[in-house]
Amino acid sequence: NMYQQSRLPIWIYALIVFVAASLVYGFTVTSTYSGDDLQYSSLIQNHLTGDIFYHPTGGQPYLPQVEKKPVTLLPINPRYLIEWPTSLLAARFGQILGLPGTVITPIQILRIIVGALGLVIFFLTIFRLVENIPISLLVTTGLGLTVSYWTYSIHMDQSINMVTLLCLAF
């Protein structure tokens, strides 16, 4: 089989997948944000620090109420069972490390890392099925370059954690 002909252990290929995906996603991370992105950031920052979040490209978060008061709770959505605590953890690490600015940067770093880990899990799964490194790398590259997976790996208010768990389920 193709793996036995390779001189490198499989974990080296997995590491290459992780580093390549992290670099691609890191260099293409978005600097424009939707209203959902900014509202999500506002909720995380307010919960973590009590500060009111402001971003020059966004105004006040979308408020469904007539009176103007800040949104302090996320709507019920199953993806927030994972997104909320991991985003808070990323924002807390950002504070500890002294990252300047808002919670956006540490959360986007988390998205990049989780997206890359999802591709590693997917690569290892495909390799286990076909035992062929070039095919596994090709299929993993295909997933990583899809608009959906790429977007989920670089945007604030996306569910890359759920997609990574789906890769793990295989």
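Start by selecting Glu 131: at 40% relative accessibility, this residue counts as partly exposed (buried is under 20% relative accessible area, exposed is over 50%, and partly exposed lies in between, with a 1.4 Å probe and protein chains only). You're looking at a predicted model, where local features need pLDDT of at least 70, side-chain atom pairs count only at pLDDT 80 or more, and totals for chains, interfaces and linings use all residues. Numbering runs from 1 along each chain as its sequence is written, and side-chain values use heavy atoms, leaving out hydrogens and water.

Stay on Glu 131 and check the backbone: phi is positive, about 50°, although the residue is not a glycine. Glu 131 sits in the loop between H5 and helix H6 (133-144); helices are DSSP runs of H or I with at least four residues, numbered from the N terminus.

Now step back into H5, residues 104-130. Its 27 residues reach 39 Å from first C-alpha to last, close to the 39 Å expected (1.5 Å times one less than the number of residues).

Next, select Leu 89, Phe 93, Ile 96, Leu 97, Leu 99, Ile 109, Ile 113 and Leu 117. Together they make a nonpolar surface patch with about 760 Å² of accessible area (Shrake-Rupley, 1.4 Å probe, only the protein chains shown count as cover for residues). Patch members have over 30% relative accessible area and no salt bridge, and nonpolar side chains (Val, Leu, Ile, Met, Phe, Trp, Tyr) are joined within 5 Å. A salt bridge puts a Lys or Arg side-chain nitrogen within 4 Å of an Asp or Glu carboxyl oxygen.

Which helix gives the most to the patch? H4 does, with four residues.

Last stop: Ile 96, in helix H4, is exposed at 61% relative accessible area.

Technical notes:
Helices (H or I, at least four residues) and strands (E, at least two) are DSSP runs, numbered from the N terminus. Patches are made of residues with over 30% relative accessible area and no salt bridge: like charges are joined within 9 Å, nonpolar side chains (Val, Leu, Ile, Met, Phe, Trp, Tyr) within 5 Å.
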